[in-house]
Each structure stands twice: as structure tokens, then as C-alpha cells.
Amino acid sequence: MEVTLTTARVEDVPALVASAAALFREDGGRRDPFMDVDWPARDGHDYYRGMVTGVRSLALLARAGSPDGPVVGHLTARLRGRDELRPDAVVAELVSMRVDEEHRGHGVGARLIEGFFAWAGERGANQAVVSAYAANTDAIRFYRARGFAPMHVSLRADLGA
């Protein structure tokens, strides 16, 4: 099936929120017992509206068929602010990405990444970053195949309670 990438508009925010909510359930909900999987539907509208309208942010939608087709995936990103410890780094952060299960393995995610890299390059970014749950080996394999390499490792200790 053909997929068209579009830059999200304000009227697309409900579809973006729905895709983000699915990501929260599928990824964080399975891997983080403290993840509030209801946040996107409850409180995410303003956040994702900001991703759509912000000058330092990007919201891409993957749509089945035409530019007005149903949303089958999304990618959100932003340019990070200046970091005094890394003053020469201009960092584009891939904040979230999801492709509907039935569209995975058909190049949709790769096209979203290509769109993100193009957007980042047009804005002078010299580094792109993404984070993924360590247990999400499929996501890590996907990102590594597109040029991402480990940079930091976050470790946690559960303290009970």
C-alpha cells in the first residue's frame, strides 16, 4: 500500500494524539510500570498542538494512500536548545515515532526517518538523537540500521514502595 508523508497541521492534532496514545500503550505501557498511558488522550492535545505549530519542532504523519488518507504513523521531533557543555552541537531530537503494526516492515518508518533527517539538516543540526527502551530491541535494531549508535546508557534501580 502506498503511504504519503505530510507535515501535520492544526486540524491533524486529534489524529496525532491518537497515534501517540497508541505508542504510549504499545511501548511505555509494556515497558514502564509508571508510564501514564492515558496522558496523550487526557493532556496531550496542547503538547501536540505545540509540536505542530512550533518553529523548532516537527510533526510528520504517514497516511495510507493520499495526503488526506487515514493516519498510519507519526514522527515528532524538536531542535534542542544550546548546551553549554556541548556548545558546538546542534541537536535534533526524535521525540516519538510509531507506525501501525500492519504497515511495519514496508518502509514507512524509514521514510519518516528520512523526513526527520532532511528537516534537521535544513535547520543546521549536526547530530540527531533518539531514545528507546532497552527492552525494545526491535526499535533499537531499526534505529541502528538508520545510522543511530549508542551514546549514553541510562540505568535505573527499582526501590520498591
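A pocket here is an open set of points on a 1 Å grid over the protein atoms alone where a 1.4 Å probe fits, with protein on both sides within 12 Å along at least five of seven lines, and lining residues have an atom within 4 Å of a point. The model is predicted, with local features needing pLDDT of at least 70 and side-chain atom pairs pLDDT 80 or more, while totals for linings use all residues. Residues are numbered from 1 along each chain, and side-chain values use heavy atoms, without hydrogens or water.

The volume of this second pocket is about 910 Å³. Helix α1 (13–31) is among the elements that supply at least two lining residues, and its seven residues form the largest share.

The largest pocket has a volume of about 1100 Å³. Of its 35 lining residues, V130, S131, A132, M151 and H152 are the closest to the centre. At least two residues of this lining come from each of β4 (91–99), β5 (127–130) and α4 (137–145).

T4 counts as buried because its relative accessibility is 16%, buried meaning under 20% relative accessible area with a 1.4 Å probe and protein chains only. The T4 side chain reaches the backbone oxygen of G65 at 2.3 Å. Although T4 and F24 are 20 residues apart along the chain, 23 Å separates their C-alpha atoms.

Terms used: Points joined across faces, edges and corners; volume = space filled by probe spheres on them. Helix = DSSP H or I, 4+ residues; strand = E, 2+ residues; numbered from the N terminus. Buried < 20%, exposed > 50% of the residue type's maximum accessible area, 1.4 Å probe, protein only. Polar contact = N/O pair within 3.5 Å; in protein donor to acceptor, adjacent residues only side chain to side chain.
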